[in-house]
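Reader: I have the model open in my viewer and would like to go through a few residues with you. Could you take me through them one at a time?

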Amino acid sequence: MNITQKIKQIFIAGILALLPIVVTVYLLYFLYNIVVSKASPIVKKIAYKYNYDFSEYIFQIGTFILIILIIFIIGIFTRMYLGKLFIKMLDNIMTHIPIARSIYNATKQVIDSFGNTSGSSFSKVVLVEFPRRDMWMIAFLVRDSLPFMQKVSTKEESVNIFVPTAPNPTSGFVAIVPKKDIREIDISVEEGIKFVLSVGIINLDKNSDIKDLVKDDK
């Protein structure tokens, strides 16, 4: 291994190590802005009413600490018996609200799909020509398409696939494609998700060329 390859591997390792941190920090920053925008006017009114010398800097630090504590407390609560019971009750309520249940169920299924390390929600990793011919994208095989969907769309044996966007695989496109137009890849769903998260940087198989991973059905 030459010095260039060594530097490249170190650089990639750094990116992969930072990626989860960056995503977490971005989420915390998003929550922080929401809390500050809503709470700041209230706190300022209370401080003004009691002639308290309000410090914006102290308020921002306190808000950040409060968010961390709330997330931590929610995490502990959901692991307890009462927390699981509460989540189950909330789940039951949300699934009975006419409009909200559709959004809630869809969001929950997506989160469960990517939160499940076994990858059982997606059966296989495939390649599909998208968004045009000769341009291949990684997708996840969800299930066989329903008969009525096949009848009004491809009019042949079809499957439902999820084409994720990088580096956020929880967003993407759902497509109904003919079964003959997808190519299976000999990698696990977890490896496929990691490949998307790394924007194609991660090596799927150190001992194989990408062409060797594609299953030829011919």
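**Residue by residue**

Author: Let us begin with tryptophan 136, whose place is in strand S2, where strands (E, at least two residues) and helices (H or I, at least four) are DSSP runs numbered from the N terminus. This is a predicted model, in which local features need pLDDT of at least 70 and side-chain atom pairs count only at pLDDT 80 or more, while totals for chains, interfaces and linings use all residues. Residues are numbered from 1 along each chain as its sequence is written, and side-chain values use heavy atoms, with hydrogens and water left out.

Reader: Is tryptophan 136 buried, partly exposed or exposed?

Author: Tryptophan 136 is partly exposed, because its relative accessible area is 33%, and the classes are buried under 20%, exposed over 50% and partly exposed in between, with a 1.4 Å probe and protein chains only.

Reader: And what is tryptophan 136 in contact with, leaving aside its neighbours within four places in sequence?

Author: Taking contact as heavy atoms within 4.5 Å, tryptophan 136 is in contact with Leu127, Val128, Glu129, Asp181 and Arg183.

Reader: Where is valine 128, then, and is it buried or exposed?

Author: Valine 128 sits in strand S1, residues 124-129, and it is buried, with a relative accessible area of 6%. Beyond its neighbours within four places in sequence, its contacts include Trp136, Ile161, Val163 and Ile182. Valine 163 is 35 residues away from valine 128 in sequence, and the two are 8.6 Å apart in space, C-alpha to C-alpha.

Reader: Switching topic, how many aromatic pairs are there?

Author: The count comes to 2 aromatic pairs, on the rule that rings of Phe, Tyr and Trp (its six-membered ring) pair if their centres lie within 6.5 Å, with planes under 30 degrees apart called stacked, over 60 edge-to-face and the rest tilted. Phenylalanine 130 and phenylalanine 173 form a tilted pair, at 5.5 Å centre to centre and 50° between the planes. This pair links distant parts of the chain, 43 residues apart, with phenylalanine 130 in the loop between S1 and strand S2 and phenylalanine 173 in strand S4.

Reader: Last one: which polar contact does the side chain of serine 145 make with another side chain?

Author: The side chain of serine 145 makes one with the side chain of asparagine 160, at 2.7 Å; a polar contact is a pair of N or O atoms within 3.5 Å, and within protein one must be able to donate a hydrogen and the other to accept it, while residues adjacent in sequence count only if both atoms are side-chain atoms. Serine 145 is buried, at 5% relative accessibility.
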